[in-house]
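Have the sequence and the model open beside you as you read.

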Number of protein chains: 2
Amino acid sequence: MARNADGTRARLLSAARHEFAAFGLAGARVDRIAADAGSNKAQIYYYFGSKDQLFDTVFAAALDDLVRGTPMDVNDLPGFAAQLAEAYEHDPDLLRLVSWQRLERGARRERRERRERRAGPTPRAAVEATQAGIAQIAQAQAQGRLSDRYPADVLLHAVLHIAALWAPASRDLAWSGKPLPSAARDRIIAQMVLDLVAP
Amino acid sequence: MARNADGTRARLLSAARHEFAAFGLAGARVDRIAADAGSNKAQIYYYFGSKDQLFDTVFAAALDDLVRGTPMDVNDLPGFAAQLAEAYEHDPDLLRLVSWQRLERGARRERRERRERRAGPTPRAAVEATQAGIAQIAQAQAQGRLSDRYPADVLLHAVLHIAALWAPASRDLAWSGKPLPSAARDRIIAQMVLDLVAP
DNA sequence: CTCTGTCAACTGTCTAGTTAGTTGATAATC
DNA sequence: GATTATCAACTAACTAGACAGTTGACAGAG
């Protein structure tokens, strides 16, 4: 086997991303990740330390990628939401990872676990982008370019969730199942956001 | 220990509900459920057949309770959303169960699992209520009492998600963390729904 | 030679599911 | 009304496999 540290690391990360997205932290199998990456289980511990740390690394990378790849445009929140929806469609693992992270690595009391498993660190780039986004929205509201019916953080939160409305991880019983074309979906999402932010 | 089949079954269900809400299907421990219920592991298999079936039972009961306890009022969707939000606040396990169900029991391809674990059945009462709700919304739209900017199923879907905006399982990085009073939260949710449904 | 990357095999623990047997209530039999 | 049979409810102990994490050896590159 050719020696290639960066390549192995990247293959492990990619395999871990798929595995965690599919099965979550508790359901993921370290052996499966190693096998999928064409590597060895020991490599995972060599490179990432533990299963939990591997998950945190995968999650942080995914979120940072998303934030960098789909920057918020405060002057076009409807378009931003539509772009997000397309990112989610293009990579269905993304929102699943987010959901797993909320459920399994969030700040819940975790009544009693073997090892005190503390919540994972939040990815720096994503946190900063979010804070900046809230500030921009607040400013636009102050200038009357956006409705101030809602607090800025609530508004951003709502926009992010509306963008995720079509993701498989959001589907509920109200879902007819008939697949809406991307363009139509984007139009609906943009219109909904417009309904919320129009001054 | 007094013998009480119904009581034991109920205690097991309640313990399972907490356990599954906290840890999900893969993370839940059958032994813990039995211990919490003050019962025995074998009773779980006696009453429910398997861990998966126990989860499905818990989930169906939770969803049916919710649907029955918070019926949709097509003439007051904003109020309906606010009521939902209060139900979610009152029982934080509810939306966690829904999230776990989507992630772990949904119709995903499940790349390869030991046993062919097919997706769980959808609770009858909830499905019927949802279909009825969509029909009512469509009718109200046809009569001009609700905006027809959005298809009826999309509208209901959006309303359900907006109601869940404040649930811990939805919190993302845009979340400031400062707890909004229930009344203020309900007002915001109702306003958002109004923005979407006003003709 | 030595350091880094790699891996097969191993370990101790955990876990879903099973089993064989016990207990208590109810009901039939004398 | 006492004795016995029956069955549902219950339990402790067990099994077989799965799992996260470890080790020690080995190989290629500088």
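A salt bridge here is a side-chain nitrogen of Lys or Arg within 4 Å of a carboxyl oxygen of Asp or Glu. B:Arg149 and A:Asp195 make one, with their closest N and O atoms 3.1 Å apart. This is a predicted model, in which local features need pLDDT of at least 70, side-chain atom pairs count only at pLDDT 80 or more, and totals for chains, interfaces and linings use all residues. Residues are numbered from 1 along each chain as its sequence is written, chains are lettered from A and ligands numbered from 1 in the order in which they are written, and side-chain values use heavy atoms, with hydrogens and water left out.

**How the two copies are related**

**Where chain A meets chain B**

- Chain A brings 55 residues to the contact and chain B brings 56 residues.
- About 5,000 Å² is buried between the two chains, 60% of it on carbon and sulfur atoms (the accessible area, with a 1.4 Å probe, that two parts lose on being put together, summed over both).
- Between chain A and chain B there are 2 salt bridges.
- On the side of chain A that touches chain B, there are 24 nonpolar, 11 polar and 20 charged residues (Ala, Val, Leu, Ile, Met, Phe, Trp, Tyr, Cys and Pro count as nonpolar, Asp, Glu, Lys and Arg as charged, and the others, Gly among them, as polar).

**Around DNA strand D**

- Of the 23 residues around DNA strand D, those that come nearest are A:Arg3, A:Arg29, A:Lys41, B:Arg3 and B:Thr8 (a residue is near a strand if one of its heavy atoms lies within 4 Å of it).
- Sugar and phosphate make up 52% of the atoms of DNA strand D that come within 4 Å of the protein.
- An N or O atom in the side chain of A:Tyr45 is 2.8 Å from a phosphate oxygen of DNA strand D.
- For B:Tyr47, the distance from such a side-chain atom to a phosphate oxygen of DNA strand D is 3.0 Å, and for B:Gln43 it is 3.1 Å.
- The surface near DNA strand D divides into 10 nonpolar, 5 polar and 8 charged residues.

Notes:
Polar contact = N/O pair within 3.5 Å; in protein donor to acceptor, adjacent residues only side chain to side chain. Contact = heavy atoms within 4.5 Å.
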